[in-house]
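Thank you all for coming.

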Amino acid sequence: MKLSIKIQPRSIAFRLIVAVLSVELLSSILVVVLSYGYERHIHFHAFDVMLHGRADSILGAVQDADDPGDNVILDQADLHVPPEDIYEVWDENGRLLGRSANWQDAPDWKTDGGAPPSHPWGDYSIVSTNGHHYRMLRIQGSRTIDPNEKGGGKVHRVTAIYGSQTGHVWHIIHQAVQFYAIGSLALLLITGPLIAWLLHRGLLPLRQLAALASQVSVDSWQFSPPVSARTTPELAPLTHAIEAVLQRLERSFTQQKTFVSDAAHELKTAVAVQKSSLQLLNMKRRTAQEYQAGLERCLADALRLESLVADMLTLARAETASPIGEAPSAADLNDCIYQAVSQLETIAALRNVPVAFTDPLPDAAPLHVAMPAEDCRLLVSNLLLNALQHSPPASTVAIRVTWEPDINPPVADLVVQDHGDGIPAEALPHVFDRFYRGDPSRTRNTGGTGLGLAICKAIVQQARGGIRIASQPDPAQPDQGTTVTVRLPLAT
Amino acid sequence: MRVLIVEDEVRLAENLATALRDGPGFAVDWAEDGLAGDEFAANPCYDLIILDLMLPKLDGLGLLKRLRARRDATPVLILTAKDGADSIIQLLNAGADDYLAKPFDLGELIARAKALIRRGKGAAHPTLNTLGMEVNTLEQTVRRNGVFVDLSPTEYRILEYLIHRPRVIVSKRELLEHLYDYNWEHHSNVIEAHVSNLRKKLDAAVPEAEPIIETMRGRGYRLAPTFPPELDPAAEDPAISPFTGPSE
């Protein structure tokens with residue numbers, strides 16, 4: 001069977017609670033382990049002192065035997081030790097001086113007779129027998145028989161082995177450890193909900209922010225973050241980011257809505273023109289000439305509608321085209337200008353407006369700008385057409401190109417200058433707006449759709465360039481007319 | 001009747017003007033932006049204003065508000081490409097009388113224009129009955145005492161204008177202003193000739209009739225009652241009278 005482990009995203013509160021409780025659990029385990037070690041050390045130290053004392057009292061009970069030899073015996077009559085303790089005493093000759101009555105409880109234990117302990121303060125060892133655990137101490141003492149005799153009496157080296165059951169010591173230790181463990185567990189159980197409650201309170205600004213943000217929709221862009229979200233250092237950047245994003249979204253949404261509404265108006269008007277033209281023709285019986293003239297008008301209306309739709313599609317394409325992922329493109333600016341000039345030659349001749357363009361580079365060397373060739377041609381021809389449409393007969397339209405390879409990034413400047421009526425200063429900021437008709441004579445009567453400059457701006461922005469327009473509407477000035485300057489980055 | 005079209009789309013304005021001239025025979029003037037429209041409308045000669053909503057310089061709503069602010073009661077028909085009840089409610093509340101959404105039907109536009117002019121003059125029905133005359137504004141035909149009277153277009157237009165203003169002295173200047181747009185030379189003797197012809201044709205229809213159009217020397221013309229006002233059948237039965245407003 002195949003097991004797939006899926007990591008489910010958990011809430012921040014859940015993760016924090018788990019983290020805190022894990023740390024708490026770890027520290028309580030540590031407390032239990034440490035307390036176990038500490039308690040064991042303390043209690044066994046006390047136990048060993050007691051064991052030593054009792055072993056000493058066993059040694060003290062070794063007395064002179066009432067026999068001619070200077071032997072010693074263990075006098076158990078005055079010995080008061082707990083009955084469950086075990087002991088035995090040997091002399092230096094390996095003679096057993098005495099042992100406790102219950103020594104047989106430890107039959108397995110070999111005592112090596114009177115062998116001295118390896119340490120002067122005694123040997124500890126542990127034995128288990130019959131289900132009891134004993135801690136054994138082997139100590140050695142000396143007992144002098146008849147010390148007042150000549151020669152200082154006889155000195156006996158007596159070895160005592162004393163054992164006491166460790167069960168109750170362990171019991172005390174276990175109880176202490178149990179107390180710590182239960183205490184820690186209780187703390188863990190109490191602090192768990194407490195942490196959860198505190199976190200719930202602490203995360204309140206975040207939840208408020210989320211609740212407010214979730215209320216934002218296409219219809220209501222209102223987002224007024226709570227003061228707590230603004231003043232919390234962790235939330236302030238997020239709040240500002242949400243606000244900024246919403247503002248940008250609302251702006252672009254409004255722009256889109258305006259565009260759709262404007263486009264609908266233009267299209268409906270164009271359709272209204274066509275429909276009324278046809279209905280007008282059909283209102284009464286007409287002569288063949290009248291029908292023909294009417295049909296020609298209808299065709300002209302249809303052509304205008306066609307160019308409006310084409311311009312709208314071009315604008316949509318220019319605005320949505322994304323340079324990401326596309327191969328870096330390059331277009332020869334000079335070539336594009338030549339193409340545009342020849343394309344608009346007829347219109348220029350019809351309006352009697354010569355176009356002056358002098359190639360700045362010798363031998364028709366290419367000047368590559370970083371944009372698709374199609375866009376470049378469209379840009380130049382739109383600018384040129386715009387200039388031609390607003391030029392009075394017998395004036396000139398000038399196209400100039402300069403380039404600055406030294407600045408970073410290197411750029412080329414395309415200047416298209418006409419000597420028409422110019423644009424009033426109050427209309428100038430709006431000329432790049434879609435469908436802008438500050439002065440109807442500039443668009444309607446010249447057959448424009450009001451989209452030409454908007455398309456130019458979209459193309460230039462896609463190419464990461466800049467476009468600006470300057471105009472002198474005063475007929476008294478010698479430089480009356482409009483100048484459009486486009487700055488385009490050069491292809492590398 | 002004289003109509004002002006305020007529309008920035010040249011071709012649409014051309015079509016509307018042609019349709020209104022050819023169809024109901026209105027005189028039509030055209031303004032291509034809001035400010036020009038405002039200047040035109042300052043002249044009280046218009047019987048109807050057809051107003052586009054999106055206009056350069058001054059939009060349709062702004063122009064409408066200016067009109068109503070100076071107590072200009074000329075009927076206004078709005079042409080709009082905007083959807084949504086909000087903008088229509090806003091327009092009607094600002095004083096518009098009717099609206100048409102683009103793209104509209106030319107026949108509907110003409111019918112609404114006629115209805116608005118009629119209503120503006122206080123008549124409810126397209127057939128006007130008064131002084132023994134029956135003027136059908138749809139067919140543009142006139143009958144006097146049931147006898148068909150054949151009129152030229154200009155004669156018909158003069159009669160239609162006069163019949164909306166019974167017993168009121170209408171000056172030649174007023175007739176000129178309401179029957180001709182700025183494209184025509186204004187010659188008052190043209191009016192005199194037309195009125196003279198109109199009177200002859202109307203009087204010829206009924207033998208031994210009283211002259212129905214009075215000439216007030218130096219003041220103008222008046223559509224006069226054939227008999228004294230207290231015996232006027234139109235005044236006796238207001239239910240069939242096309243004139244619902246107070247008589248001037």
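Let me begin with a definition: a salt bridge here is a side-chain nitrogen of Lys or Arg that lies within 4 Å of a carboxyl oxygen of Asp or Glu.

Which residues of the two chains meet in a salt bridge with 2.8 Å from N to O? They are A:Asp301 and B:Arg11, whose side chains come together at that distance. Because A:Asp301 lies in helix 6 of chain A, residues 288-320, and B:Arg11 in helix 1 of chain B, residues 10-22, this pair joins two chains.

The side chains of B:Arg112 and B:Glu108 meet in one, with 2.8 Å from N to O, and both residues sit in helix 5 of chain B, residues 106-120, where they are four residues apart, or about one turn of the helix. B:Arg112 has a relative accessible area of 28%, so it is classed as partly exposed, and B:Glu108, at 33% relative accessibility, is classed as partly exposed as well.

B:Lys201 and B:Glu155 form another salt bridge, in which the closest N and O atoms are 2.8 Å apart. Why does this pair tie together parts that are 46 residues apart in sequence? The reason is that B:Lys201 lies in helix 8 of chain B, residues 188-205, whereas B:Glu155 lies in helix 6 of chain B, residues 153-163. The two partners can be described separately: B:Lys201 is partly exposed, with a relative accessible area of 32%, while B:Glu155 is buried, with a relative accessible area of 4%.

Stepping back to chain B as a whole, its secondary structure comes to nine helices and eleven strands. Of the 248 residues in this chain, 52% are buried, and its accessible surface comes to about 11300 Å², with 51% of that belonging to carbon and sulfur atoms. Among the contacts in chain B with a separation of 6 or more, 61% are between residues 24 or more positions apart.

How confident is the predictor about chain B, and what is its mean pLDDT? The mean is 81, and 88% of the residues reach 70 or more. Over residues 231-248 of chain B, however, the pLDDT is below 50, although this stretch has 25 contacts in the model beyond near neighbours in sequence. Where pLDDT is low, the predicted coordinates should not be read in detail.

Let us look at some strands of chain B. Strand 10, residues 213-216, and strand 11, residues 220-223, run antiparallel and are joined by four bridges, and within this pairing B:Thr215 has B:Tyr221 as its bridge partner. The two strands form a hairpin with three residues between them, and in the turn B:Gly218 has a positive phi of about 75°. Elsewhere, B:Thr127 is found in strand 6 of chain B, residues 127-130, and it counts as buried at 17% relative accessibility. Leaving aside neighbours within four places in sequence, B:Thr127 is in contact with B:Glu134, B:Val135 and B:Asn136.

A nonpolar surface patch of about 310 Å² is made by A:Ile12, A:Leu16, A:Leu206 and A:Leu238. A:Leu238 is found in helix 5 of chain A, residues 236-282, and counts as partly exposed at 39% relative accessibility.

How values were computed. Residues numbered from 1 in each chain as written. Chains lettered and ligands numbered in written order. Predicted model: local features only at pLDDT ≥ 70, side-chain atom pairs only at ≥ 80, totals over all residues. Heavy atoms only, no water. Patch = residues over 30% accessible without salt bridge, like charges linked within 9 Å, V, L, I, M, F, W, Y side chains within 5 Å. Areas by Shrake-Rupley, 256 points an atom, 1.4 Å probe, with all protein chains shown as cover. Buried < 20%, exposed > 50% of the residue type's maximum accessible area, 1.4 Å probe, protein only. pLDDT = per-residue confidence, 0-100. Contact = heavy atoms within 4.5 Å. Pairing = 2+ DSSP bridges.
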